[in-house]
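Below are some comments on the model, as numbered points. They start with backbone geometry and then turn to side chains and a pocket.

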Amino acid sequence: MLGKLFGKGAERPAADPHALPAPRWQKQGMYTLRALGDARVRALVDAAEAGDWDAVKVALAPFDLGRDHQVLGELADLEGVQDWIGRAVEEDKEHRATALLISGARHISWGWEARTRRLAKNVSQEQWRIFHERLHIAEDQLLEAAELRPEWVTPWRRLLTSGRGMSLGPAVNETRRDAALRRDPLDLETHIEWVSQLQPRWSGEPGEALEFAREAFTGAPEGHRLGCVIAMAHIEDWVESDHKNCLITPEIQDELLEAAERSILHPAHVRRPGWQEDFNIFAMALSLASERIALPRVFRELGGAYTSWPWRYMAEPEKMYARARRNA
């Protein structure tokens, strides 16, 4: 097992022909991952930045936007998409579901941009108004997309986020969670979203999220990325805790090590565009737990690739990534 963990006698993943090269200039040996580190996603982002709907559709061909949350996320977080995607929704009847999905996801991100990450008491009435206005649009569009393409998972996972923002309550959000997991019982992003919803800051009970994560990962096959839900549950516990060293226990270290070995460090693990974000999730959790077996391997595999999620939970995310990498 240790031989596999440290790479001795084990084959490295085959070179990805679509992988973007790491930039030559790196600060402290690290760089921010762009376009999921994939040339095809880069072409998609370029098309979206240009507002070229026809080029966006061509660039989407290698991907299943109804299941690939990370590719959808690249469009949802892209400034300016809201300026042109409405025309695609109205004019392109053949691809209306795809346009609705992109627009709905963008309106959620756009809504949170208006609300900001401030505490609720520090958000102005005008910010709340814009926030809810954009989430209402997102809700309508995502529900229609889900109706047009009932096999899709991504609308339901995004509806969990808007449902939380609009305080629609547990009954609605549980229905949406179940709708997503019926379509893909192992969907990582849905599980991570639900781990967030189970936090005390969203009216959950302490320990509830970790119990959910453990039960979910128990049935996952070897090498499945669902192991990240264990790491995120511990990160969320750290966010909720008043004690910065709350994860430094032998039990948590062992659990994170086992989850890493069974998922992202397992020989059966398949890397896909954006795999570096999964490794960043484990890098943050393992570093917070001061784990010393899997952590060096995780950072070595990353090669300095940094993703803002989940490090943005920290006040100085890039600085904390660099420090954790240096100390691994």
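**Notes on the model**

1. Serine 167 is placed in the loop between α8 (154–165) and α9 (170–183); helices (H or I, at least four residues) and strands (E, at least two) are DSSP runs, numbered from the N terminus. Its phi is near 55 degrees, a positive value in a residue other than glycine. Serine 167 is exposed, with a relative accessible area of 64%; buried means under 20%, exposed over 50%, and partly exposed in between (1.4 Å probe, protein chains only).

2. On provenance: this is a predicted model, in which local features need pLDDT of at least 70 and side-chain atom pairs count only at pLDDT 80 or more, while totals for chains, interfaces and linings use all residues. Residues are numbered from 1 along each chain as its sequence is written, and side-chain values use heavy atoms, with hydrogens and water left out.

3. Most residues other than glycine have a negative phi, and most peptide bonds are trans. Alanine 35 is not a glycine, yet has a positive phi of about 50 degrees. Alanine 35 lies in the loop between β1 and α2 (39–49) and is buried, at a relative accessible area of 6%.

4. The peptide bond from tryptophan 309 to proline 310 is cis, with omega near 5 degrees. Proline 310 belongs to helix α16 (residues 308–311).

5. There are eight aromatic pairs. The rule takes rings of Phe, Tyr and Trp (its six-membered ring) with centres within 6.5 Å, and calls planes under 30 degrees apart stacked, over 60 edge-to-face and the rest tilted. Tryptophan 128 and phenylalanine 131 form an edge-to-face pair, 5.8 Å centre to centre with 65 degrees between the planes. Both residues lie in helix α7 (residues 125–148), three residues apart, about one turn of the helix. Tryptophan 128 is partly exposed at 22% relative accessibility, whereas phenylalanine 131 is buried at 1%.

6. Tryptophan 309 and tyrosine 313 make a tilted pair, because their ring centres are 5.4 Å apart and their planes stand at 55 degrees. Tryptophan 309 counts as buried at 16% relative accessibility; tyrosine 313, at 26%, is partly exposed. Phe299, Tyr306, Trp311 and Tyr321 form one aromatic cluster.

7. Which ring does the charged end of arginine 177 sit over? That of tryptophan 194, at 4.6 Å from the ring centre. Arginine 262 lies over the face of phenylalanine 217, 4.1 Å from the ring centre. The test asks for NZ of Lys or CZ of Arg within 6 Å of the ring centre and within 35 degrees of the ring normal.

8. The structure holds zero disulfides, a disulfide being a pair of cysteine sulfur atoms within 2.5 Å. The sulfur of cysteine 246 is 19 Å from the closest cysteine sulfur, in cysteine 228, and therefore too far for a bond. Cysteine 228 is buried at 0% relative accessibility, while cysteine 246 is partly exposed at 24%.

9. The second largest pocket has a volume of about 530 Å³. A pocket here is an open set of points on a 1 Å grid over the protein atoms alone, where a 1.4 Å probe fits, with protein on both sides within 12 Å along at least five of seven lines; lining residues have an atom within 4 Å of a point. Its lining comprises 25 residues, with Asp16, Ala19, Gly37, Trp275 and Gln276 nearest the centre. β1 (31–32), α14 (275–288) and α15 (294–302) each give two or more residues to this lining.

Note on methods
Grid points are joined across faces, edges and corners, and a volume is the space filled by probe spheres set on the points.
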